2 protein chains.
Amino acid sequence: MQELASNGSVSVTWRHRVHTCRHAFADEGGALANLLPCDSGPAQVLIVLDEGLLRAQPDLPAQLSAWSDTHRSLVHAAGAPLIVPGGEQAKNDRTEFDLVVRAIHERHICRRSYVLALGGGAVLDAVGFAAATAHRGVRLIRMPSTTLSQADAGVGVKNGLNAFGAKNLVGSFAPPWAVVNDTMLLCTLSDRDWRAGLSEAVKVALLKDPSLLFELEHTATALRGRDLDVMERIVTRTAELHVSHIVAGGDPFELERARPLDFGHWSAHQLEQMTGFGLSHGDAVAIGTLIDLQYATLMLGASSELSQRVANCLESLGFPLHCDALGEEDRLLEGIERFREHLGGSLAITMVTAPGVSDEVSHIDLDCMRQAIRLTRRRGDDRASRAG
Amino acid sequence: MQELASNGSVSVTWRHRVHTCRHAFADEGGALANLLPCDSGPAQVLIVLDEGLLRAQPDLPAQLSAWSDTHRSLVHAAGAPLIVPGGEQAKNDRTEFDLVVRAIHERHICRRSYVLALGGGAVLDAVGFAAATAHRGVRLIRMPSTTLSQADAGVGVKNGLNAFGAKNLVGSFAPPWAVVNDTMLLCTLSDRDWRAGLSEAVKVALLKDPSLLFELEHTATALRGRDLDVMERIVTRTAELHVSHIVAGGDPFELERARPLDFGHWSAHQLEQMTGFGLSHGDAVAIGTLIDLQYATLMLGASSELSQRVANCLESLGFPLHCDALGEEDRLLEGIERFREHLGGSLAITMVTAPGVSDEVSHIDLDCMRQAIRLTRRRGDDRASRAG
């Protein structure tokens with residue numbers, strides 16, 4: 001077997017631009033418009049809007065329309081905003097994906113044009129997969145509308161759809177053209193969605209930034225009281241840690257083993273599946289984080305004070321740590337193999353042993369993990385009965 | 001609007017491995033098996049086989065099975081080969097894509113496992129899109145089975161499906177783990193598929209390598225007489241030029257403007273669509289190359305001897321330069337805008353003015369292009385009537 005003389009490496013570099021602002025379409029609208037360069041005339045923009053966000057902020061289409069009018073030398077809306085359903089259902093089949101691909105085709109959005117997507121993580125995942133694959137990639141501006149997506153997935157480089165009953169079975173790595181976190185989009189969230197990004201904040205604090213954990217503990221009351229300034233600070237810091245992991249972590253497309261930002265996620269994903277997504281990702285990550293902290297206490301020498309401390313913090317932030325599915329231990333434990341298979345290769349699970357200190361383990365002691373699940377369950381049940 | 005402190009660049013590098021051999025599964029089978037590293041035990045491999053190739057070479061499953069048995073310490077076939085339909089139909093809906101994604105899921109192919117796909121360009125495109133997006137990318141070994149795919153698309157970094165009537169509307173850039181051009185797969189091709197890679201060879205010779213054009217002219221009779229040694233040399237050289245463009249051209253994912261290897265392709269793609277893919281890609285590229293050479297003669301100072309010379313060469317190689325769809329000039333000319341839109345941004349069409357010399361034009365004179373189409377049509381009709 002002969003190698004071609006011209007064999008070599010394929011190297012590609014993208015700029016990862018994440019911005020924070022308030023009122024992106026009002027006073028500061030020029031900054032947003034300037035993120036959409038075009039080599040001839042105004043940039044063509046297909047606007048995609050999460051139905052749930054539209055219900056909460058019904059004046060958004062008028063704001064968008066005023067924005068594109070004001071900046072007509074820079075941007076041109078290619079037709080009315082495309083309104084798409086949000087929530088996990090957006091990812092469960094290809095209806096939404098097809099809607100966006102068809103609009104890209106019919107409205108003549110080319111590789112140098114833009115899709116501007118406003119919505120929660122599920123919409124951004126479905127729309128993002130469409131934008132990443134139509135014409136093999138048109139430019140995507142993400143405007144995440146939830147604390148979870150602004151802090152976590154919305155600033156990352158992934159997209160995905162569920163298929164054949166498996167979460168994110170189909171998707172791609174595709175850096176967006178830009179991400180704009182407009183925190184005014186967060187004001188109208190339900191309490192559940194308002195808090196959802198905070199369990200990811202606790203997770204990334206445990207992995208990377210002990211001072212963020214302190215801040216979360218000390219601002220929990222303000223956060224629960226919906227203080228937007230504090231939320232903006234927490235979301236921005238969490239997003240920064242996430243982006244830093246992507247741009248400086250050395251493996252943005254996960255071609256190698258490491259993925260330390262998935263702490264607590266093997267069980268979180270499985271609990272979501274088990275509850276038919278009745279349990280939100282934010283609430284699931286809170287529970288998943290506690291399970292793995294309990295395991296780290298039992299097996300890896302973490303202090304029991306740490307899991308106490310984190311459980312208290314999560315409770316103060318408003319997370320219900322109770323979930324009936326924790327009783328189905330066998331099914332929950334299947335999440336470990338699912339997690340391994342989705343990442344590929346041999347098992348590698350990141351475990352936090354102290355704030356800012358983590359280890360990758362390649363083996364899970366199942367008896368001990370059952371014990372960790374039971375401890376987590378007991379804690380959640382106690383809390384639920386105290387509350388009730 | 002505030003940039004995140006951690007903003008930066010996302011850089012990813014893939015090794016692009018293209019190999020040539022004969023009898024990949026026999027004597028040299030260890031070389032193929034060694035292309036599939038695995039960090040624990042034998043590599044799991046999902047084999048996907050083009051139905052048309054299987055009909056032509058019915059002993060392939062036995063060869064594959066003997067190969068995986070012989071190299072069982074290195075590879076393990078995850079179930080029987082998946083047999084999939086070939087030809088453009090493979091790309092026209094998502095049946096084949098879904099079949100492969102489902103098999104990846106059900107047979108537990110993870111990101112560190114392999115899909116080994118044997119087939120023509122359409123199968124590699126559909127299977128490649130499935131492999132590139134299942135789990136956001138499992139490792140793909142391509143074994144192109146046609147001269148066209150071995151010389152051109154099979155050694156590239158793209159995949160794709162047709163959608164909403166548009167060719168390759170959905171797809172991705174995804175470097176395969178490796179490409180193995182086993183020229184024994186070419187022996188059983190029909191004459192049409194045997195010659196199909198040669199119009200791409202003429203095209204790339206015109207763009208990049210005048211000596212390859214000489215070689216094609218001087219070996220045309222041997223090539224038409226199905227001399228495998230000569231074909232292997234031409235296919236390998238064409239693939240080398242293609243790979244060199246990808247790894248050294250500076251823009252493997254086409255994020256910028258340049259795509260000089262698409263010479264003659266705006267009309268080729270349109271003619272394929274217009275004939276409902278009755279005209280093969282190889283035959284369409286032969287005609288498309290001539291159209292743009294005629295245009296270069298009329299508008300850009302290319303010598304008329306060059307288009308004569310290339311027409312003669314293509315005829316000697318067996319290409320029928322006749323196509324009724326050339327009569328529908330208006331519809332054919334729509335291909336220019338389609339081409340622009342698929343690449344994005346403003347129009348950029350590469351035109352060859354002498355062997356090895358090309359220019360990018362940003363405007364096409366439509367009257368002159370009509371003239372070029374008519375000249376090409378006349379040449380094809382003359383030839384057809386001489387032959388008839």
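Chain B and chain A of this predicted model bury about 7200 Å² between them, 55% of it on carbon and sulfur atoms. Buried area is the accessible area (1.4 Å probe) that two parts lose on being put together, summed over both. Met1(B), Val10(B) and Arg136(B) supply 14% of the area that chain B buries against chain A, more than any other three residues. In the interface, 77 residues of chain B are in contact with 76 residues of chain A; contact means heavy atoms within 4.5 Å. The model is predicted, and local features need pLDDT of at least 70, side-chain atom pairs count only at pLDDT 80 or more, and totals for chains, interfaces and linings use all residues. Residues are numbered from 1 along each chain as its sequence is written, chains are lettered from A and ligands numbered from 1 in the order in which they are written, and side-chain values use heavy atoms, with hydrogens and water left out.

Chain B is superposed on chain A by a rotation of 180° with 0.0 Å of shift along its axis (RMSD 0.0 Å). That is the relation of a two-fold axis. In chain B, the C-alpha nearest the axis belongs to Val12(B), 2.8 Å from it. The same surface serves both copies: 99% of the contact residues of chain B recur in chain A. Copies are superposed by least squares on the C-alpha atoms of residues with pLDDT of at least 70 in both.

Helix packing was examined within the chains. Helices (H or I, at least four residues) are DSSP runs, numbered from the N terminus. Axes are lines fitted to C-alpha atoms, for helices over the stretch in contact, and angles run from 0 to 180 degrees between N-to-C directions.

In chain A, helix H9 (residues 210-224) and helix H10 (residues 228-248) pack at an angle of about 150°, with their axes 10 Å apart. H9(A) and H10(A) are therefore roughly antiparallel to each other; the term applies to angles over 145 degrees. The H9(A)–H10(A) crossing is left-handed, that is, the near helix is turned anticlockwise from the far one by less than a right angle, and right-handed if clockwise. Contact residues include Leu212(A), Leu216(A) and Leu223(A) of H9(A) and Val230(A), Ile234(A) and Leu241(A) of H10(A). By class, the contact of H9(A) with H10(A) has 8 nonpolar, 2 polar and 3 charged residues. Ala, Val, Leu, Ile, Met, Phe, Trp, Tyr, Cys and Pro count as nonpolar, Asp, Glu, Lys and Arg as charged, and the others, Gly among them, as polar.

Also in chain A, the axes of helix H8 (residues 191-208) and helix H12 (residues 281-299) come within 7 Å and cross at roughly 30°. That makes H8(A) roughly parallel to H12(A), the term for angles under 35 degrees. The crossing of this pair, H8(A) and H12(A), is left-handed. Arg192(A), Arg195(A), Glu200(A) and Lys203(A) are among the H8(A) residues that meet H12(A), where the partners include His281(A) and Asp283(A). The contact of H8(A) with H12(A) has 5 nonpolar, 4 polar and 5 charged residues.

In chain B, helix H8 (residues 191-208) packs with helix H14 (residues 304-316) at an angle of about 155°, their axes 11 Å apart. H8(B) passes H14(B) in a right-handed crossing. Ser199(B), Val202(B) and Leu206(B) in H8(B) meet Leu306(B), Val310(B), Cys313(B) and Leu314(B) in H14(B). These residues divide into 6 nonpolar, 1 polar and no charged.

Methods
Helix = DSSP H or I, 4+ residues; strand = E, 2+ residues; numbered from the N terminus. Parallel < 35°, antiparallel > 145°, perpendicular 65-115°, else oblique.
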